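Dear colleague,

I am passing on the structure below, together with some notes on what was found in it. Please look it over before reading further.

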Amino acid sequence: PIFSHLIISLKGLWTIRAFERQAYFENLFHKTLNTHTATWFLYLSTLRWFLFRSDILFVFFFTLTAWIAVGTNRKSAPPSVSRQDIRACRASGCHCLFDGSLWVQKVNERLI
């Protein structure tokens, strides 16, 4: 309603001024603007509430999925990768790639 009221008021601006109805249309515009703003605020509040709840749900889901994936993994780290290798890689400034063999290759390159 706010945009249609604004367009109609602008189209009939000469008529409004000719009959000195500026105060009436200004009050009508403020009422329409208040209605529009209240509706928009309600929409934004509802959207924020919904997105916050969905974020909580997704964080819970992905955390649970990660815990299940780690808990059901029967494989251990390759024997060539140890804590000392990881520390050496981090100390030398290597950006560790956690892609299994590629990561082990990077670690070995840094240690040699």
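Read from the N terminus, the elements of the protein chain follow the order α-α-α-α-α, and the secondary structure amounts to five helices and zero strands, where helices (H or I, at least four residues) and strands (E, at least two) are DSSP runs numbered from the N terminus. This is a predicted model, in which local features need pLDDT of at least 70 and side-chain atom pairs count only at pLDDT 80 or more, while totals for chains, interfaces and linings use all residues. Residues are numbered from 1 along each chain as its sequence is written, and side-chain values use heavy atoms, with hydrogens and water left out.

Of the 112 residues of the protein chain, 13% count as buried, that is, under 20% relative accessible area with a 1.4 Å probe, protein chains only. Among contacts (heavy atoms within 4.5 Å) between residues at least 6 apart in sequence, 34% join residues at least 24 apart.

According to the UniProt annotation, from an unreviewed entry, a "transmembrane region" covers residues 50-70, although such annotations may be inferred rather than shown by experiment. In the model, this span of residues 50-70 is 100% helix and 0% strand, and its end C-alpha atoms lie 30 Å apart.

With kind regards

Key
Buried < 20%, exposed > 50% of the residue type's maximum accessible area, 1.4 Å probe, protein only.
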